[in-house]
Amino acid sequence: MKSIRLAASLVVAVFVTSCSSVKHTDINYLKSEYSASTEEPTLNIFQPKDSTKQHDVLIFVHGGNWNSGSKNTYSVLGRNFAKNDYVTIIPGYTLSPFANYDTMTQQITEAILWTKENIANYGGNPDRIFLMGHSAGGHLIALATMNPKYLKDD
């Protein structure tokens, strides 16, 4: 009986969080030599349904020890942030051994720049972008923003 209640609660939770956002999947964001020889990474966007105002933007980079993980694992997080009025970007990046941390950081940098240039089309405010990540994703965000090699002050 407990397992039936738990399953029902999960179904309701997914339904409720997914109703308050629009998900755009597998959007290409790379435009440089930092695309990898394997399948090119893409990003997902979770947009609040309220499109009458510009929303703050959150870029969340997934973790996975640089050799595993996926942007798709964090869809629940993207929907939850969108439900709370954030346009949420979850980019994928090429994993090891097909890329090293430098290439991964360049790709995340491009995701940040793509967001700045395109997020208004999804109801986001390009002047209010916040960054966060889990595990390796946090490391990649720190590298992209703290090392002048990656994200220039423009």
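Predicted model: local features only at pLDDT ≥ 70, side-chain atom pairs only at ≥ 80, totals over all residues.
A residue counts as buried here when its relative accessible area is under 20%.

Ser75 belongs to helix 2, which spans residues 75-83. Ser75 is classed as buried because its relative accessibility is 8%. Leaving aside residues up to four places away in sequence, Ser75 touches Lys23 and Phe46. Just after helix 2, Asp85 adopts a positive phi of about 75°.

Five strands make up an open sheet with mixed pairing, and their order is 1-2-4-3-5. Its edges are strand 1 (21-28) and strand 5 (124-133), each of which pairs on one side only. With direction ignored, neighbouring strands are turned by 20° against each other on average. In general, strands of a sheet pair through backbone hydrogen bonds, either parallel or antiparallel. For strand 1 and strand 2 the sense is antiparallel, over six bridges. Helix 4 lies across strand 3 and strand 5, and runs at about 125° to strand 5.

Which elements give two or more residues to the largest nonpolar core? This core has 24 residues, and Ile45 and Tyr93 have the most contacts inside it. The elements in question are strand 2 (42-48), strand 3 (55-61), strand 4 (86-91), helix 3 (101-118) and helix 4 (136-146). Helix 3 supplies the largest share, five residues. In soluble globular proteins, nonpolar side chains tend to be buried together.

Not counting residues up to four places away in sequence, Ile45 touches Val22, Lys23, His24, Ile27, Val87, Thr88, Ile89, Trp114 and Tyr122.

A pair of aromatic rings is described by the distance of the centres and the angle of the planes. The model has three aromatic pairs. In one of them, the rings of Phe60 and Tyr74 have centres 5.0 Å apart and planes at 50°, so this pair is tilted. Phe60 lies in strand 3 and Tyr74 in the loop between strand 3 and helix 2; they are 14 residues apart, and the pair links distant parts of the chain. Phe60 and Tyr74 are both buried.

Trp114 and Tyr122 form another tilted pair, because their ring centres are 6.2 Å apart and their planes stand at 40°. Trp114 has a relative accessible area of 12% and is therefore buried. Tyr122 is at 16% relative accessibility, so Tyr122 counts as buried too. Trp114 and Tyr122 are also among the residues that Ile45 touches.

Definitions and conventions. Residues numbered from 1 in each chain as written. Heavy atoms only, no water. Core = buried A, V, L, I, M, F, W, Y, C linked by side-chain atoms within 4.5 Å. Buried < 20%, exposed > 50% of the residue type's maximum accessible area, 1.4 Å probe, protein only. Helix = DSSP H or I, 4+ residues; strand = E, 2+ residues; numbered from the N terminus. Contact = heavy atoms within 4.5 Å. Phe/Tyr/Trp six-rings, centres within 6.5 Å; stacked < 30°, edge-to-face > 60°. Pairing = 2+ DSSP bridges. Axes fitted to C-alpha atoms, helices over the stretch in contact; angles between N-to-C directions.
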